Amino acid sequence: MLVERLVVGMLQCNCYLVACDDTKEAIVIDPGGDAPLILDRVQELGLAIKYIVNTHGHIDHIAANRPVKEGTGAQLAIHQDDAEWLVTDQGDYARMLGVSSPGPAADVLLAQGDEIAFGNERLQVIHTPGHSLGGISLVGDGVVFCGDTLFAMGVGRVDLPGGSWETLMNTIKTRLFTMPDDTVAYTGHGAETTIGREKQFNTWFR
Ligand SMILES: [Zn+2]
Ligand SMILES: [Zn+2]
């Protein structure tokens, strides 16, 4: 499985291209800006994008949904509890980022236990609320794409609508920290980490 990180938009969101090595079928996780950069890379790698998956509905993760969808013909997927964000005007925040909001509605509504299949690869959807109501993580062999739920030495903010500190802590402890220690966590911002490293060193949990 190919994983490539592109840092996009003013808020430096991590957008991931995740592809099946055999078939070049792929997904784009969180196209939060810089659509030309994303589309160029998709073309250079010769990928056929099957899905755009938003880990959650915040504008810095969805801002380039429309151009990437139009440029690839991909289906747009998000958890059902965050789908409303896609079709809501995210106002001053969106204008600050210079993007038109709202963007396109979801084609696929995700729920706990669903699978995202592309080529010979499969990622499992787990519901990881707390940073937002409908936050998800995508779990593969030894990897998890966890959006803004967990960061290297940090956790997601909980002051936006649908955020809850108690829920976030419970999510991380019961749904992420139960994964093997060597699981690589690809986060929504900043460097990747591992579950074991965060369990041991993340000061929110020591
Ligand atoms: Zn967020
Ligand atoms: Zn974010």
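View 1. Asp60 counts as buried at 7% relative accessibility, where buried means under 20% relative accessible area, exposed over 50% and partly exposed in between (1.4 Å probe, protein chains only). This is a predicted model, in which local features need pLDDT of at least 70 and side-chain atom pairs count only at pLDDT 80 or more, whereas totals for chains, interfaces and linings use all residues. The zinc ion (ligand 2) is coordinated by Asp60 (OD), His61 (NE2), Asp148 (OD) and His189 (NE2), at 2.1 to 2.3 Å; donors are N, O and S atoms within 2.8 Å of the metal (3.2 Å for Na, K and Ca), and water is not among the atoms, so sites may look incomplete.

View 2. Around the zinc ion (ligand 1), the coordinating atoms come from His56 (NE2), His58 (ND1), His131 (NE2) and Asp148 (OD), at 2.1 to 2.5 Å. Along the chain these donors follow the spacing H-x1-H-x72-H-x16-D. His56 is buried, with a relative accessible area of 2%, and His58 is likewise buried at 4% relative accessibility.

**View 3. The bridge between the zinc ions.** Asp148 coordinates both the zinc ion (ligand 1) and the zinc ion (ligand 2), which lie 3.5 Å apart.

**Numbering and atoms.** Residues are numbered from 1 along each chain as its sequence is written, chains are lettered from A and ligands numbered from 1 in the order in which they are written, and side-chain values use heavy atoms, with hydrogens and water left out.
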